[in-house]
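Look over the sequence and the fold below before reading on. We will then walk through the structure piece by piece.

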Amino acid sequence: MQDAIRVLLVDDLALVRTGFRMIVENAPDMEVVGEAGDGAAAATLAVELRPDIVLMDIRMPDVDGVEATRRISAAAGHVRVLILTTFDLDEYVYAALHAGASGFLLKDTLAADLLSAVRVVVRGDAVVAPSVTRRLINRYVGTRSPHLTAATDLEALTEREREVLVLMAQGLSNAEIGARIHVTEGTVKTHVSRILAKLHLRDRVQAVVYVYESGLVRPNGPSDV
């Protein structure tokens with residue numbers, strides 16, 4: 001299958017993997033290249049098979065989805081990881097995003113939305129619903145000490161880039177940010193690309209975590225821009 005999105009399925013339940021396989025293989029632009037029932041096997045297969053994306057369960061025995069994501073990010077950084085979880089406030093989700101995942105979805109997500117999310121993540125963006133992002137930030141970031149960033153990194157941003165970064169952290173899409181600051185969506189995309197490059201971040205999810213852990217924005221508090 002030429003130019004198909006290569007998908008690795010990871011879940012400790014074979015029946016769940018079968019369900020996701022059926023969904024993915026019904027998409028004309030995707031193919032399943034492998035399956036794993038635990039995180040250790042997932043990390044190994046990600047290196048061997050070089051999929052475009054891993055659909056990763058988070059709660060698995062022995063090596064869980066968080067550690068598997070960390071290993072994949074270290075050994076096969078180009079491989080994207082999309083977390084699939086039963087609970088929208090699973091305590092491991094934040095850790096998985098921190099480990100390098102490009103977002104997460106609930107397992108009851110509609111098939112069409114799952115396939116759309118896969119395409120978005122493979123294109124280099126991230127998938128985390130704004131409302132879920134805010135709940136995660138409110139619950140977890142405030143309990144951790146800042147360690148992702150330094151003031152010198154933020155000083156590399158222009159005033160407009162800092163403004164866009166804060167709006168990203170609030171869960172706004174590029175189009176919504178453009179409407180808020182009266183620029184085109186294309187201009188916002190350019191700002192986002194420059195922000196990620198200057199802060200050495202891979203995608204919007206990491207940017208959101210970065211913003212809150214740096215103290216630029218506080219959960220439920222005013223921003224500095």
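Where is the place of H182? H182 sits in the loop between α9 (174-181) and α10. Keep in mind that this is a predicted model. H182 is not a glycine, yet its phi is positive, at about 65°. Is H182 buried or exposed? Exposed means over 50% relative accessible area. H182 has 72% relative accessibility, so it counts as exposed.

Look for D62 between β3 and α3. D62 is not a glycine either, and it has a positive phi of about 65°. Its relative accessible area is 81%, so D62 is exposed.

Now go inside. Nonpolar side chains tend to be buried together in soluble globular proteins. Here, the largest nonpolar core has 26 residues. V10, V54, M56, I72, V81 and I83 have the most contacts inside this core. Which elements give two or more residues to this core? They are the strands β1 (5-10), β3 (53-57) and β4 (80-85), along with the helices α2 (39-49), α3 (65-75) and α4 (91-99). The largest share comes from α2, with 4 residues.

Take V81 as one example from this core. Set aside its neighbours within four places in sequence. V81 is then in contact with V54, M56, T69, I72, A101, S102 and G103. There is also a second, separate core. This second core has 23 residues, including V166, I181, L196 and L216.

Return to α2 for a closer look. Its buried residues are G39, A42, A43, L45 and A46. What do these buried residues pack against? They pack against β1, β2 (30-36), β3 and α3. At the start of α2, look at D38. A side-chain oxygen of D38 reaches to within 3.0 Å of the backbone nitrogen of A40. Just after α2 comes R50, which takes a positive phi of about 50°.

I23 is found in helix α1 (residues 14-25). Partly exposed covers the range between buried, under 20%, and exposed, over 50%. I23 has 24% relative accessibility, so it counts as partly exposed. Leaving aside its neighbours within four places in sequence, I23 is in contact with A111, L114 and L115. Look also at L110, which lies 87 residues from I23 along the chain. The C-alpha atoms of I23 and L110 are separated by 10.0 Å.

E161 belongs to helix α8 (residues 159-169). Is E161 buried or exposed? E161 counts as buried because its relative accessibility is 3%. Its side chain reaches the backbone nitrogen of T158 at 2.9 Å. Beyond its neighbours within four places in sequence, E161 is in contact with A156, H191, R194, I195 and K198.

Finish with a pocket. The second largest pocket has a volume of about 240 Å³. Which residues line it? The lining is made of V120, R123, G124, D125, N174, K189, V192, S193, L196, D203 and R204. Helix α10 (residues 185-199) gives the largest share of this lining, 4 residues. Sorted by class, the lining has 5 charged, 3 polar and 3 nonpolar residues.

How values were computed
Residues numbered from 1 in each chain as written. Predicted model: local features only at pLDDT ≥ 70, side-chain atom pairs only at ≥ 80, totals over all residues. Heavy atoms only, no water. Core = buried A, V, L, I, M, F, W, Y, C linked by side-chain atoms within 4.5 Å. Buried < 20%, exposed > 50% of the residue type's maximum accessible area, 1.4 Å probe, protein only. Contact = heavy atoms within 4.5 Å. Polar contact = N/O pair within 3.5 Å; in protein donor to acceptor, adjacent residues only side chain to side chain. 1 Å grid on protein atoms, 1.4 Å probe; cavity = no way out; pocket = protein on both sides within 12 Å on 5 of 7 lines; lining within 4 Å. Points joined across faces, edges and corners; volume = space filled by probe spheres on them. Nonpolar A, V, L, I, M, F, W, Y, C, P; charged D, E, K, R; others polar.
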